[in-house]
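Please examine the structure shown below with its sequence.

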Amino acid sequence: EGGHSFNVWHAHDASFAGYILSLSGLKNTVLTFHGSDIQLLEEANYGKRLNPVYEERLKNIILPNISIFTAISKSIKYELLILGVNNRGLSSILRKM
């Protein structure tokens with residue numbers, strides 16, 4: 001039977017699926033962030049980046065090994081830009097109500 005060939009790999013949430021995708025060595029990868037996996041608000045004790053192991057993994061493994069990033073809000077886009085994600089590799093999917 002015919003096999004399938006995938007051109008793009010897309011994961012949601014950096015903490016697990018995005019981490020596995022970043023280790024895969026695959027090309028044409030897309031990662032969508034959803035909130036606590038990228039946002040950081042220390043005064044509210046909010047965000048997985050409060051964990052230094054996760055913060056290091058995000059900066060040194062996940063971000064460098066993903067091709068394209070999607071942000072579902074302006075604040076997520078802002079965090080990605082602060083972390084050095086190139087605006088050319090960043091796409092916003094903003095919901096309008």
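**Core and loops**

Student: Where is Asn28 placed, and is Asn28 buried or exposed, or partly exposed?

Tutor: This is a predicted model. Asn28 sits in the loop between H1 and E2. Its relative accessible area is 46%. Buried means under 20% and exposed over 50%, so Asn28 is partly exposed.

Student: What is the phi of Asn28?

Tutor: Most residues other than glycine have a negative phi. Asn28 is not a glycine, yet its phi is positive, at about 55°.

Student: Which loop holds Asn45, and is Asn45 buried or exposed?

Tutor: Asn45 belongs to the loop between E2 and H2. Asn45 is not a glycine, and it has a positive phi of about 55°. With a relative accessible area of 63%, which lies over the 50% cut-off, Asn45 is exposed.

Student: How many residues does the largest nonpolar core have?

Tutor: In soluble globular proteins, nonpolar side chains tend to be buried together. In this model, the residues with the most contacts inside the largest nonpolar core include Leu31, Phe33 and Leu58. The number of residues in this core is 18.

Student: Which element gives the largest share of this core?

Tutor: Two or more residues come from each of helix H1 (14-23), strand E2 (29-33), helix H2 (52-62), strand E3 (68-71) and helix H3 (74-82). The largest share is three residues, and the element that gives it is H2.

Student: Which residues does Leu31 touch, not counting residues up to four places away in sequence?

Tutor: Leu31 is among the residues with the most contacts inside the core. Beyond four places away in sequence, Leu31 touches His10, Ala11, His12, Asp13, Ala14, Gly18, Ile62, Ile66, Ile68, Phe69 and Thr70.

How values were computed
Residues are numbered from 1 along each chain as its sequence is written. This is a predicted model: local features need pLDDT of at least 70, side-chain atom pairs count only at pLDDT 80 or more; totals for chains, interfaces and linings use all residues. Side-chain values use heavy atoms; hydrogens and water are left out. A nonpolar core is a set of buried Ala, Val, Leu, Ile, Met, Phe, Trp, Tyr and Cys residues joined through side-chain atoms within 4.5 Å. Buried means under 20% relative accessible area, exposed over 50%, partly exposed in between (1.4 Å probe, protein chains only). Helices (H or I, at least four residues) and strands (E, at least two) are DSSP runs, numbered from the N terminus. Contact means heavy atoms within 4.5 Å.
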